[in-house]
Amino acid sequence: MRLRGCGSVRLLLSEAELHGALGELVQVVDTSADVRDMIVATAVEALSTSVKEVPFELKLEALTRWCDTHTHQDGRLTALSTMQTSWQDKWKVGSWVRNCNGKRHRVPDAYKDAFNLALARSGLGEVESFEDKVDALMRWCDDNPGKQLTGSTTTWTAWDPNWKMGMWACNCQNATDGSRVPDEYCAEFRDLLKRARYGEAPNFKDKLDALVRWCDDNSGEKLKQKTTMQTYWDDDWGVGKWINACKSSPGAVLDEYREAFEKAVVDSRYGEDAVSFATKLEALERWCAVEGRDRLMQKTTMETDWDPKDPVWKIGQWVAACARDKSGKAVPDEHRARFYKAVELSGYGTAGTFAQKLEALESWCDARPGQRLNFSMRIRTEWDDEWWPGSWISNNRPNSKACKGPPPELRERFAAAAKRSLYFQDDYFEAKLDVLERWPVDNPRERLKQKITMRTDWDPANPVWPIGQWVSSCLSSGTKVPTQFYEKFMETVKNSGYEYTSH
């Protein structure tokens with residue numbers, strides 16, 4: 001639907017005024033409110049004619065008004081610029097000017113001079129000169145004294161509110177991307193880059209000075225490894241990580257600055273325990289004083305008021321770390337007797353004896369004959385609700401560095417129980433070789449390939465065994481095949497039809 005003779009109405013009325021006028025107009029129509037609203041909506045849609053119907057003179061006046069209200073600091077007119085007009089709330093003035101300048105929309109002869117004047121004032125399509133860019137770099141240096149210009153630095157300019165000044169400087173210095181410094185600006189450009197500290201890498205003294213400044217600005221606070229600070233070379237420099245790197249590699253600290261560095265680290269309280277040993281020992285004694293507690297384990301935690309952000313303290317891990325320390329530095333001499341007495345009261349390290357654990361493993365095997373024990377399986381015992389028998393077997397296997405192994409009088413019983421649990425079943429080459437021998441019998445018409453798998457009863461949780469990958473692994477590394485089984489293994493592989501290609 002289109003209302004005739006109304007093409008110029010929208011030039012004189014805004015959309016809100018148009019709604020009001022049409023609303024008053026349809027009041028005289030004797031109909032319901034819903035019908036009147038529909039008439040208004042249809043009329044507004046019909047009167048929403050293309051902006052092309054707006055006279056060129058009004059658009060030129062709008063462009064002139066934009067130039068009057070936008071100063072140089074506000075930026076140039078771009079293709080995305082919009083403004084409010086009587087015919088459209090967000091009229092794309094920049095797009096219209098670009099189309100007119102590109103001859104897409106014809107500029108009437110009577111308005112050519114006025115249009116060209118407004119176009120020049122708007123700055124649309126104006127190419128910034130090298131001098132403009134140098135002036136922008138100079139303003140940046142004045143506004144950011146001491147700060148370092150990097151490749152990612154951006155700044156506001158009249159031609160681009162987010163101009164990549166650092167990238168431009170890099171291109172000019174390297175003469176890439178068609179950028180070249182005119183001869184008359186070479187000296188000035190070089191001096192500005194020096195002022196901006198472009199390409200300047202911070203030396204050890206610069207970093208040490210930054211650390212000293214952090215200590216002065218944050219007196220009494222503890223510097224952590226995740227602490228960062230603002231410097232001229234990085235707005236978010238990891239000062240804590242730098243200290244950690246220097247302490248990990250003594251050669252990173254220059255001899256002439258070593259004394260000053262160590263003093264600054266002490267002042268920063270880096271690595272200092274925020275909670276004293278005496279305070280933690282008192283918490284351990286309070287934990288032991290509570291009746292009815294189970295024994296203290298490494299996973300035990302307790303609530304404290306030391307850190308409101310993290311009230312849960314891992315007391316078990318702290319006790320374990322102190323108990324493992326062989327240097328004697330973890331437990332101060334003045335607290336040593338109290339600490340070990342509290343540890344004894346807590347029951348830490350008093351898990352079941354080797355004989356008790358062996359009996360628990362044998363009971364598990366009796367209750368589940370033929371089932372394979374996994375590393376992740378846990379069983380309930382009198383000393384631990386979630387005891388890991390698989391981990392215990394691994395730690396006590398021959399040549400294990402984790403434990404001393406079973407006592408001599410229990411060595412045979414332990415080996416028998418471990419064998420019954422099938423925990424090391426996947427390590428037994430003979431058992432796997434027996435399965436490989438059965439494979440060509442069960443699959444006479446199929447050739448064994450690396451992607452083939454088969455089901456076994458070794459592990460109920462993972463019954464699918466990649467037999468093809470195991471054969472490939474054995475062929476690629478002869479150390480995996482025991483000497484006494486080598487001939488039998490090679491013959492079995494040949495019977496299976498497996499083709500191995502070395503790379």
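This report walks through aromatic pairs, salt bridges and a charged surface patch in a predicted model.

## Aromatic pairs

Let's start with the rings. Searching the whole structure turns up 23 aromatic pairs. In one of them, Phe56 and Trp96 sit 5.3 Å centre to centre with 55 degrees between their planes, which makes a tilted pair. This pair links distant parts of the chain, since Phe56 belongs to helix 4 (residues 56-69) and Trp96 to helix 5 (residues 93-101), 40 residues apart. Phe56 counts as buried at 14% relative accessibility, and Trp96 counts as buried at 5%.

Phe130 and Trp168 give another tilted pair, because their ring centres are 5.5 Å apart and their planes lie at 55 degrees. Phe130 is in helix 7 and Trp168 in helix 8 (residues 165-174), so this pair ties together parts that are 38 residues apart in sequence. Both partners are on the buried side: Phe130 has a relative accessibility of 14%, and Trp168 has 7%.

## A ring cluster

## Salt bridges

The structure contains 10 salt bridges. One of them brings together the side chains of Arg413 and Glu362, at 2.8 Å from N to O. Arg413 lies in helix 18 (residues 411-420) and Glu362 in helix 16 (residues 354-367), so the contact ties together parts that are 51 residues apart in sequence. Here Arg413 is partly exposed at 36% relative accessible area, while Glu362 is buried at 19%, since the cut-off for buried is under 20%.

Lys488 also forms a salt bridge with Glu437, and their closest N and O atoms are 3.5 Å apart. Lys488 is in helix 21 (residues 486-496) and Glu437 in helix 19 (residues 429-442), so this pair, too, ties together parts 51 residues apart in sequence. Lys488 is partly exposed at 34%, and Glu437 is partly exposed at 31%. A further salt bridge joins the side chains of Arg258 and Asp255 at 3.2 Å, N to O. Arg258 counts as partly exposed at 27% relative accessibility, whereas Asp255 counts as exposed at 66%.

## A negative surface patch

On the surface, Glu131, Asp135, Glu188 and Asp191 gather in a patch of negative charge. Helix 7 (130-143) and helix 9 (186-195) are the elements that give two or more residues to this patch. Glu131 is found in helix 7 and is partly exposed, with a relative accessible area of 41%.

Conventions:
Residues numbered from 1 in each chain as written. Predicted model: local features only at pLDDT ≥ 70, side-chain atom pairs only at ≥ 80, totals over all residues. Heavy atoms only, no water. Patch = residues over 30% accessible without salt bridge, like charges linked within 9 Å, V, L, I, M, F, W, Y side chains within 5 Å. Areas by Shrake-Rupley, 256 points an atom, 1.4 Å probe, with all protein chains shown as cover. Salt bridge = Lys/Arg side-chain N within 4 Å of Asp/Glu carboxyl O. Lys, Arg positive; Asp, Glu negative; His and termini not counted. Charge placed at Lys NZ, Arg CZ, Asp CG, Glu CD. Helix = DSSP H or I, 4+ residues; strand = E, 2+ residues; numbered from the N terminus. Buried < 20%, exposed > 50% of the residue type's maximum accessible area, 1.4 Å probe, protein only. Phe/Tyr/Trp six-rings, centres within 6.5 Å; stacked < 30°, edge-to-face > 60°.
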